[in-house]
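Student: I've just opened this one and could use a hand finding my way around. Can we go through it together?

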Amino acid sequence: MAVTPGHTGNSVVAGGRSFPTRVVPPVELPASVSVLARDAAAQLGWHGVVLPEVTMLGRRVCVVARLRTDTHAERIAMGVGPVTDRATVATWTWPEFAPTAPAPAAEIVGVLAVTRHWRTGMAAAVPFSRYGDAAMVLPASAVLSRDYLDNCLPRARSYGVAVVSADEDARVDLDLDVRRERILLPEDGVSRWINEMVYEQLLASYDLPVA
């Protein structure tokens, strides 16, 4: 039976019509994504530029990163700015092209997924946790449930994803820290492409020249 959004699936029947027993208000974020991402990064001890939310790998995330100024200067001198074509970047890991590929100019500190539900946050954060630190930012109400305790926390610990909660006044608190002893994937075509996307964002945020 279809359930109207914002209602539970339980109902009572009267006169042949079905009525929901109670209305469940939707969970909302207590502040903007940019504000929550900035405060969560500080709570996690991630030092860098908190970039605007962007879609990468089909997920909406905010990246915390720093520019490698020496590498950027070298790339400017070589005339090689950010390369965001994924197919082109994939060739940089091929043995015949790896020696001449430009060096990564961004240092990615961590990736944040700011969402209303842990399942969405997990789906967004896990692909990035394979390469480095990742976290999800959730409303405090989302972490005060049996579903979160029984299903989210074990998965978050397994993948090494941190969890930051934000109360109704947008105050953030660290609920689960990053597990740093996990095994990370080596640099590949995907991680290089992510780095180039972040490099482009960093240059825009700093308003720096592009080769």
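Student: Leaving out residues up to four places away in sequence, which residues does Ser 129 touch?

Tutor: Keep in mind that we're looking at a predicted model. Ser 129 sits in helix α4, which covers residues 118-129. Beyond its sequence neighbours, Ser 129 touches Ala 134, Tyr 159, Val 161, Arg 182 and Leu 184.

Student: Okay, and is Ser 129 buried or exposed?

Tutor: The cut-off for buried is under 20% relative accessible area. Ser 129 comes in at 3%, so the label is buried.

Student: How do α4 and α6 lie relative to each other, roughly parallel or roughly antiparallel?

Tutor: Helix α6 spans residues 146-159, and its axis is 11 Å from that of α4, at an angle of about 5°. Angles under 35 degrees count as roughly parallel. So α4 and α6 are roughly parallel.

Student: Which residues of α6 make that contact, and how many of the contact's residues are charged?

Tutor: On the α4 side you'll find Trp 118, Arg 119, Met 122, Val 126 and Ser 129. From α6 come Asp 147, Tyr 148, Asn 151, Cys 152, Arg 155, Ala 156 and Tyr 159. By class, the contact has seven nonpolar residues, two polar ones and, to finish, three charged.

Student: I spotted Cys 152 in there. How many disulfides are there?

Tutor: Cys 152 is buried at 0% relative accessibility, and Cys 62 is buried too, at 2%. A disulfide needs a pair of cysteine sulfur atoms within 2.5 Å. By that rule, the number of disulfides is zero.

Student: Where does pLDDT stay under 50?

Tutor: The mean pLDDT of the protein chain is 89, with 86% of its residues at 70 or more. The stretch where pLDDT stays under 50 is residues 1-9.

Terms used. Residues are numbered from 1 along each chain as its sequence is written. This is a predicted model: local features need pLDDT of at least 70, side-chain atom pairs count only at pLDDT 80 or more; totals for chains, interfaces and linings use all residues. Side-chain values use heavy atoms; hydrogens and water are left out. Buried means under 20% relative accessible area, exposed over 50%, partly exposed in between (1.4 Å probe, protein chains only). Helices (H or I, at least four residues) and strands (E, at least two) are DSSP runs, numbered from the N terminus. Contact means heavy atoms within 4.5 Å. pLDDT is the predictor's confidence in each residue, from 0 to 100. Axes are lines fitted to C-alpha atoms, for helices over the stretch in contact, and angles run from 0 to 180 degrees between N-to-C directions. Angles under 35 degrees count as roughly parallel, over 145 as roughly antiparallel, 65 to 115 as roughly perpendicular and the rest as oblique. Ala, Val, Leu, Ile, Met, Phe, Trp, Tyr, Cys and Pro count as nonpolar, Asp, Glu, Lys and Arg as charged, and the others, Gly among them, as polar.
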